[in-house]
Amino acid sequence: MRKADSSSYLYDEESIQTRTALFYKYVYPYKNLIYHICIKYTHARDDIADNYNEVLINFFRYVASYDPKREVKTWIYSVAVRMLADLERKNARFQREGDIGATKLEQLTESSDEKDFSMEDVTLDNYRDLYCDEVLEALEEIGPMYRNALLLQVAGYKLEEICDMLYRMGNLKTRNLETTKSRIFLAKKKLKELITRDGKRKED
C-alpha cells in the first residue's frame, strides 16, 4: 500500500474512493462517540466544533491505516485523543501542571481532593458511552463502590455532594467525607495500575 502521508495517496481518485468506503464502514457509525471525545478533550468550548471537523478530516485521510483485527471503538478513541492533543497544543491551549493534565481522561487516574476540570456530560448512566472498552473494563474491575465515587467527581460534583449522593444511593452507611475521599483516591490508584494515561490497558 502507498504511504499514507504522500500527496499522491491523499488525492488519488482510487484512494479517495477506498477511503470513503472505509470511513463510512469504520468511522462514521461512531461519529457521536467522536463528538463526545471532542467535548471531553477540548479546553475551550468554542473550539469543539472546529476540532470535531478536523478530527473527522484526519480520520478520512488516514482511515486506511486501521487494522480490522483491532477493536474499532478502542482504535477510534485512542486516535481521536492523539489528534485532539495535537490540535490543542497547536492552539496553545493544551496546558499541563506537573502530572495533572488538561485532558478529562487523566481525571480518572490523577489524585487530587478537588476537581480540576468539570465534565458535565458524564453521569453514572451514560459513562459507558463516553469511554473506550479498555477504560470501561478497568472501571468495571474496580467495582461500583469506588467507581461511583470517582465518576461523580469527574462529573464535577464537590466532595460534600458526592458524599451525600453516595449515602442516598446506599453506597455509604453514613455521610462520611473521609471515607468518600478515600474511595476516590483508591479508585484513581487502582485505575493507574490498570490503564495508561491514553486509555490503554497495561500489560500484566
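Mentor: A residue counts as buried under 20% relative accessible area, and as exposed over 50%. This is a predicted model.

Trainee: Is D47 buried or exposed?
Mentor: D47 lies in the loop between α3 (31–41) and α4. The cut-off for burial is under 20%. D47 has a relative accessible area of 12%, so the residue is buried.

Trainee: How far apart in space are D47 and L87, C-alpha to C-alpha?
Mentor: In sequence, D47 and L87 are 40 residues apart. In space, their C-alpha atoms are separated by 9.8 Å.

Trainee: How many helices and strands does the protein chain have?
Mentor: Read the elements from the N terminus: α-α-α-α-α-β-β-α-α-α-α. The secondary structure comes to nine helices and two strands.

Trainee: What share of the protein chain's residues count as buried?
Mentor: The chain has 204 residues. Among contacts between residues at least 6 apart in sequence, 62% join residues at least 24 apart. The share of residues that count as buried is 44%.

Trainee: How do α8 and α9 cross: roughly parallel or roughly perpendicular?
Mentor: Helix α8 covers residues 159–169 and helix α9 residues 177–194. Their axes lie 9 Å apart, at an angle of about 100 degrees. Angles of 65 to 115 degrees count as roughly perpendicular. So α8 against α9 is roughly perpendicular.

Trainee: How do the residues of the α8 contact with α9 divide by type?
Mentor: From α8 come L159, E160, I162, C163 and L166. From α9 come L177, T180, K181 and I184. They divide into two charged, one polar and six nonpolar.

Trainee: Which residues does T180 contact, leaving aside neighbours within four places in sequence?
Mentor: T180 lies in helix α9. Its relative accessible area is 0%, so T180 is buried. Its contacts are L159, I162, C163, L166 and L172.

Trainee: Are the rings of F23 and F60 stacked or edge-to-face?
Mentor: The structure holds eight aromatic pairs, and this is one of them. The ring centres are 5.9 Å apart and the planes stand at 75 degrees. Planes over 60 degrees apart count as edge-to-face. So F23 and F60 are edge-to-face.

Trainee: How many residues apart in sequence are the parts that F23 and F60 tie together?
Mentor: F23 lies in helix α2 (residues 13–27), and F60 lies in helix α4 (residues 48–62). F23 is buried at 9% relative accessibility, whereas F60 is partly exposed at 25%. The separation of the parts in sequence is 37 residues.

Trainee: Which residues do ring pairs link into a cluster?
Mentor: Y24 and Y28 form a tilted pair, with 5.1 Å between centres and 45 degrees between planes. Y28 is partly exposed, with a relative accessible area of 37%. The cluster consists of F23, Y24, Y28 and F60.

Trainee: How far is the charged end of K31 from the centre of the ring of Y28?
Mentor: K190 lies over the face of Y146, at 5.2 Å from the ring centre. K31 sits over the ring of Y28, and its charged end is from the centre 4.5 Å.

Trainee: Which elements do the buried residues of α6 pack against?
Mentor: Helix α6 spans residues 133–142. Its buried residues are E134, V135, L136, A138, L139 and I142. Just after α6, G143 takes a positive phi of about 90 degrees. The buried residues of α6 pack against α5 (72–90), α7 (144–154) and α9.

Definitions and conventions: Residues are numbered from 1 along each chain as its sequence is written. This is a predicted model: local features need pLDDT of at least 70, side-chain atom pairs count only at pLDDT 80 or more; totals for chains, interfaces and linings use all residues. Side-chain values use heavy atoms; hydrogens and water are left out. Axes are lines fitted to C-alpha atoms, for helices over the stretch in contact, and angles run from 0 to 180 degrees between N-to-C directions. Helices (H or I, at least four residues) and strands (E, at least two) are DSSP runs, numbered from the N terminus. Angles under 35 degrees count as roughly parallel, over 145 as roughly antiparallel, 65 to 115 as roughly perpendicular and the rest as oblique. Contact means heavy atoms within 4.5 Å. Ala, Val, Leu, Ile, Met, Phe, Trp, Tyr, Cys and Pro count as nonpolar, Asp, Glu, Lys and Arg as charged, and the others, Gly among them, as polar. Buried means under 20% relative accessible area, exposed over 50%, partly exposed in between (1.4 Å probe, protein chains only). Rings of Phe, Tyr and Trp (its six-membered ring) pair if their centres lie within 6.5 Å; planes under 30 degrees apart count as stacked, over 60 as edge-to-face and the rest as tilted. A charge sits over a ring if NZ of Lys or CZ of Arg is within 6 Å of the ring centre and within 35 degrees of the ring normal.
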